[in-house]
Amino acid sequence: MTALEGRIAVVTGASSGIGAACARALADAGATIVAVARRKDRLAALTAELGRGSLPFVIDMTQPDAAQALHDFVMERFERADILVNNAGILHAAPLDAFDLDQLRPMIALNYETVVRTSTLFGRTMKAAGRGQIINISSIGANIRAPGVGVYGGLKRALEAFTDCLRIELAGTGVKVGIVAPGTTSTEIFEDMKSRGQPSWDSFIPPMQPDDVAQAVSFMAQQSQRTNMARIQIYAAADSH
């Protein structure tokens, strides 16, 4: 029997990149996946590939009612969630004079508010069940101070503060909470930079691949119920931060 056999794992941002890789890694470990994103065709292909009764859930997680809709869908279909991976996120990084303020609200909504909403709703259900795990995908950017990354890094730092407090609040309830904070990983998150002719971060060093991050998420999810792995931080081998 594989380590996560019979577990229900919810993964946001699952249509590409780290989210899709996490869905595959958790399914390989035995989990049934609820894959969450906006792109219906990609989710349908992914869940068909994963098998194990995995299902797509197509929604824009920036909408205020999205977290509740996702929670209700999972509870209706499976009556529980064993693992929640909050991975969905967007990046807009630009110098002060070029930063597009229209990008601010979507970044706050997806990179922070959505994580709080889903963690709260699923955390309550997991607490009542006496078992579960929440894994929030952060970034080494939470601790990088550099021009142009203040909004993205600030939101990741807020995510980490919230996650640490949630872990402490749920200690002893059977619900584990952890952070996986990757460094430079080659995904679609850099498309915004590339579309503006700005060098993307994955062009400066050989980056990690989504599977590298997914293996850390799967490793965290497979730890003994006696332990709570609070944080995994992963750098690309060439990263000097």
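Reader: What does Ser218 touch, and what makes that a contact?
Author: Leaving aside residues up to four places away in sequence, Ser218 touches Ala25, Leu26 and Ala29. Each counts because contact means heavy atoms within 4.5 Å. This is a predicted model, in which local features need pLDDT of at least 70 and side-chain atom pairs pLDDT 80 or more, while totals for chains, interfaces and linings use all residues. Residues are numbered from 1 along each chain as its sequence is written, and side-chain values use heavy atoms, without hydrogens and water.

Reader: Why is Ser218 called buried?
Author: Ser218 has 4% relative accessibility, so it counts as buried (under 20% relative accessible area, with exposed over 50% and partly exposed in between, using a 1.4 Å probe and protein chains only). Ser218 sits in helix α7 (a DSSP run of H or I, at least four residues, numbered from the N terminus).

Reader: How do you know that α1 is mostly covered?
Author: Of its 12 residues, 9 are buried, including Ile18, Cys22 and Leu26. Among the elements covering them are α2 (40-50) and α7 (210-221).

Reader: What follows α1?
Author: Next comes Gly30, with a positive phi near 115°.

How values were computed:
Helix = DSSP H or I, 4+ residues; strand = E, 2+ residues; numbered from the N terminus.
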